[in-house]
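Subject: Structure for you, with notes

Hello,

Here is the structure for your files. My notes follow below it.

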Amino acid sequence: MLRASQDMNTELYKNLKLSVRESATLLVVIDKSIEHYNKNYNFFWDRLNGAGTEKQAKDWSDGIKHSRKRLKELNSIKAKIEESEVITKHQLA
């Protein structure tokens, strides 16, 4: 049985029309999310180092994996946004 998340490579192409303010806001939101997951990652590492039971160690390890995955995805999205072509359209009022 094929699992979509592992065996299929699906790509989505979408053009977005954003104002300069919206574009800046989007990048700030991504930066804040990256900051949040970095804090989570560090928190889970600290907890893992002090884990007293095997279950605690597993829980903290799962948190580390989740945070690492999100960081990778968010950094990839941010890089794609920053590297993508920007088309500026000016209109006189």
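D62 is partly exposed, at a relative accessible area of 34%. (Buried means under 20% relative accessible area, exposed over 50%, partly exposed in between, with a 1.4 Å probe and protein chains only.) D62 forms a salt bridge with K58, and the closest N and O atoms are 3.1 Å apart. A salt bridge here is a side-chain nitrogen of Lys or Arg within 4 Å of a carboxyl oxygen of Asp or Glu. K58 and D62 are four residues apart in helix α3, so about one helical turn separates them. An α-helix has 3.6 residues a turn, so residues three or four places apart point the same way.

Before the rest, the ground rules. This is a predicted model: local features need pLDDT of at least 70, side-chain atom pairs count only at pLDDT 80 or more, and totals for chains, interfaces and linings use all residues. Residues are numbered from 1 along each chain as its sequence is written, and side-chain values use heavy atoms, with hydrogens and water left out.

Other salt bridges

The whole structure holds five salt bridges. One of them joins the side chains of K55 and D59, at 3.0 Å from N to O. K55 and D59 are four residues apart in helix α3, which puts about one helical turn between them. K55 is exposed, at 59% relative accessibility. D59 is partly exposed, with a relative accessible area of 36%.

E73 and R70 also meet through their side chains in a salt bridge, 2.8 Å from N to O. E73 and R70 are three residues apart in helix α3, again about one helical turn. E73 is partly exposed at 31% relative accessibility. R70 is partly exposed too, at 32%.

Helix α3

Helix α3 covers residues 54–83, 30 residues in total. It reaches 43 Å from its first C-alpha to its last, close to the 44 Å expected at 1.5 Å a residue. That expected span is 1.5 Å times one less than the number of residues. Helices (H or I, at least four residues) and strands (E, at least two) are DSSP runs, numbered from the N terminus.

Which residues of α3 are buried? They are G63, I64, S67, L71 and L74. These buried residues pack against α2 (20–49).

The core and Y37

The largest nonpolar core has five residues: I30, I34, Y37, L71 and L74. α2 and α3 each supply at least two residues of this core. α2 gives the most, with three residues. A nonpolar core is a set of buried Ala, Val, Leu, Ile, Met, Phe, Trp, Tyr and Cys residues joined through side-chain atoms within 4.5 Å.

Y37 is found in helix α2. Y37 is buried, at 18% relative accessibility. Leaving aside neighbours within four places in sequence, Y37 is in contact (heavy atoms within 4.5 Å) with H66, S67, R70, L71 and L74. Y37 and L74 are 37 residues apart in sequence, and 9.5 Å apart in space, C-alpha to C-alpha.

The largest pocket

The largest pocket has a volume of about 1400 Å³. Of the 26 residues that line this pocket, the closest to its centre are N15, L16, L18, S84 and E85. α2 and α3 are the elements that give two or more residues to the lining. On a 1 Å grid over the protein atoms alone, a pocket is an open set of points where a 1.4 Å probe fits, with protein on both sides within 12 Å along at least five of seven lines; lining residues have an atom within 4 Å of a point. Grid points are joined across faces, edges and corners, and the volume is the space filled by probe spheres set on the points.

Best wishes
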